[in-house]
Amino acid sequence: MRAAVLVEPGRIEMEERPVPEPAPGDVLIRVASVGVCGSDAHYYREGRIGEFVVEAPLVLGHEASGTVVAVGEGVSAERVGQRVSIEPQRPDPGSAPTRRGDYNLCPHMQFYATPPVDGALCDYVTIGAHFAHPVPDTVSDDAAALCEPLSVGIAAVRKARVTAGSSVLISGAGPVGIVTVQVARAFGAVDIVVTDIDEHRREVARRFGATATLDPRSDDTSHLRVDAYIDASGSPAAVNSGIRAVRPGGTVVLVGSGAETMPIPVQVIQNRELVLTGVFRYANTWPTALSLLESGRVDLDSMVTAHFPLEKSVDALESDRVPGSIKAVVHLSPTVEAQRGTE
Ligand SMILES: NC(=O)c1ccc[n+]([C@@H]2O[C@H](COP(=O)([O-])OP(=O)(O)OC[C@H]3O[C@@H](n4cnc5c(N)ncnc54)[C@H](O)[C@@H]3O)[C@@H](O)[C@H]2O)c1
Ligand SMILES: [Zn+2]
């Protein structure tokens, strides 16, 4: 099979590799679409994200869909031919967090495209059968792949306790901010205020459901009293002003990453008894993601701004620098249904 392999920072080479064998409990998937994420671009450019360092050749890509083509021991052969969205994680079923249901916090997690685990920019991948989620025919290969970033938005909106009538402030209108806007709307939020320093991204946020957008460099948010604030920017300045915009008893959810430490307004958190939490990926989000997609309450296809073949993975990884880019997708082998859709 073909694989786009990061051999050193800034260098990706096409390699021929053997098709992997599905281990007991796994399925083998022929990959259809792979979304490119900011973390892929970080590994490509810098060879590391915090404590995760690329020390051996690595296949990037963790937002993926495809078709089951073989099953490992113990998995029903009826799964062969199913279109699936890949939840790119392998928690240890016996660890305490996994048994509690917080399997994203499993200390023995193996996650696609996080060193040393290979990702999906290749023709075939394996994953635990329960982490290959069957996709309805009406959901495209691209949307099935983008259930991964959608899941980050679902995890954030759940933690923010967004419900019917909620008001939410979201900083950052990148792919994660945009899916968070869509999920907040689907969960019943009525006021969805989005900040971004980029005017085009503010415009995109309005298209996907933001009820108001603000430029953090000129507009003040400190008078807002939202029920929840979600940071999807990683900017310390955004987090500092976002926390001040939350009503007493409200919730702060930190999704954005980048700064290892940052100053936060402790007295505001104390005096208003705010609940502040982080988000580390997601758990138990795929059923919700697929329902939101199938019902049309969330639109992921419209977030895709460019497509690339596997051989052009570098261009896909560089496309975040193209003005107007939101989400690039690498196409491998379309699933049968997707092929039918384009005939
Ligand atoms: N916690 C998790 O599990 C998890 C998962 C996925 C992504 N992330 C993080 O979420 C963040 C968003 O991801 P993305 O792919 O959308 O990234 P992105 O870089 O495409 O989007 C970030 C956006 O924030 C905007 N921004 C910068 N400074 C700002 C400010 N002061 N105020 C408001 N907006 C500002 C940028 O213009 C950009 O549009 C990243 O930091 C990423 O690492 C976290
Ligand atoms: Zn991602």
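**Reading a predicted model, feature by feature**

Student: Where does glutamate 273 lie?

Tutor: Glutamate 273 lies in the loop between helix H8 (266-271) and strand E18 (275-278). Helices (H or I, at least four residues) and strands (E, at least two) are DSSP runs, numbered from the N terminus. This is a predicted model, where local features need pLDDT of at least 70, side-chain atom pairs count only at pLDDT 80 or more, and totals for chains, interfaces and linings use all residues. Residues are numbered from 1 along each chain as its sequence is written, chains are lettered from A and ligands numbered from 1 in the order in which they are written, and side-chain values use heavy atoms, with hydrogens and water left out.

Student: Is glutamate 273 buried or exposed?

Tutor: First, the cut-offs. Buried means under 20% relative accessible area, exposed over 50%, and partly exposed in between (1.4 Å probe, protein chains only). Glutamate 273 has 62% relative accessibility, so it counts as exposed.

Student: What is the phi of glutamate 273?

Tutor: Start with the general idea. Most residues other than glycine have a negative phi, and most peptide bonds are trans. Glutamate 273 has a positive phi, near 45 degrees. Arginine 281 also has a positive phi, about 55 degrees, and is not a glycine. Arginine 281 sits in the loop between E18 and helix H9 (286-294). At 18% relative accessibility, arginine 281 counts as buried.

Student: Which peptide bond is cis?

Tutor: The bond from proline 115 to proline 116 is cis, with omega near 5 degrees. Proline 116 lies in the loop between E10 and E11.

Student: How do I check the length of helix H4?

Tutor: Compare an expected span with the model. The expected span is 1.5 Å times one less than the number of residues. H4 covers residues 147-159, 13 residues, so it should span 18 Å. The end C-alpha atoms are 18 Å apart, which agrees.

Student: How many residues of H4 are buried?

Tutor: The count is 11 of the 13 residues, so H4 is largely enclosed by the rest of the structure. Among the buried ones are Cys147, Pro149, Leu150 and Val157. Just after H4, arginine 161 takes a positive phi of about 60 degrees.

Student: Which residues come nearest to ligand 1?

Tutor: A residue is near a molecule or strand if one of its heavy atoms lies within 4 Å of it. There are 20 residues around ligand 1, and Asp196, Arg201, Ser257, Val279 and Arg281 come nearest. By class, the shell has 10 nonpolar, 7 polar and 3 charged residues. Here Ala, Val, Leu, Ile, Met, Phe, Trp, Tyr, Cys and Pro count as nonpolar, Asp, Glu, Lys and Arg as charged, and the others, Gly among them, as polar.

Student: What polar atom of serine 257 lies 2.7 Å from ligand 1?

Tutor: A polar contact is a pair of N or O atoms within 3.5 Å; within protein, one must be able to donate a hydrogen and the other to accept it, and residues adjacent in sequence count only if both atoms are side-chain atoms. For serine 257, a polar side-chain atom lies 2.7 Å from an oxygen atom of ligand 1. For arginine 281, a polar backbone atom is 2.6 Å from a ligand 1 oxygen atom. The protein covers 75% of the 870 Å² of accessible area that ligand 1 has on its own. Accessible areas come from the Shrake-Rupley method with a 1.4 Å probe; for residues, only the protein chains shown count as cover.

Student: How many salt bridges does the structure hold?

Tutor: A salt bridge is a side-chain nitrogen of Lys or Arg within 4 Å of a carboxyl oxygen of Asp or Glu. The structure holds 19. One of them joins aspartate 123 and arginine 2, with the closest N and O atoms 2.8 Å apart. Aspartate 123 lies in the loop between strand E10 (110-111) and strand E11 (124-128), arginine 2 in strand E1 (residues 2-8), so the pair links distant parts of the chain, 121 residues apart. Aspartate 123 is buried, at 10% relative accessible area. Arginine 2 is partly exposed, at 24%.

Student: What does the salt bridge between glutamate 63 and lysine 327 tie together?

Tutor: The closest N and O atoms of glutamate 63 and lysine 327 are 2.9 Å apart. Glutamate 63 lies in strand E7 (residues 63-71) and lysine 327 in strand E20 (residues 327-331), so the pair ties together parts that are 264 residues apart in sequence. Glutamate 63 is buried, at 1% relative accessible area. Lysine 327 counts as buried too, at 3%.
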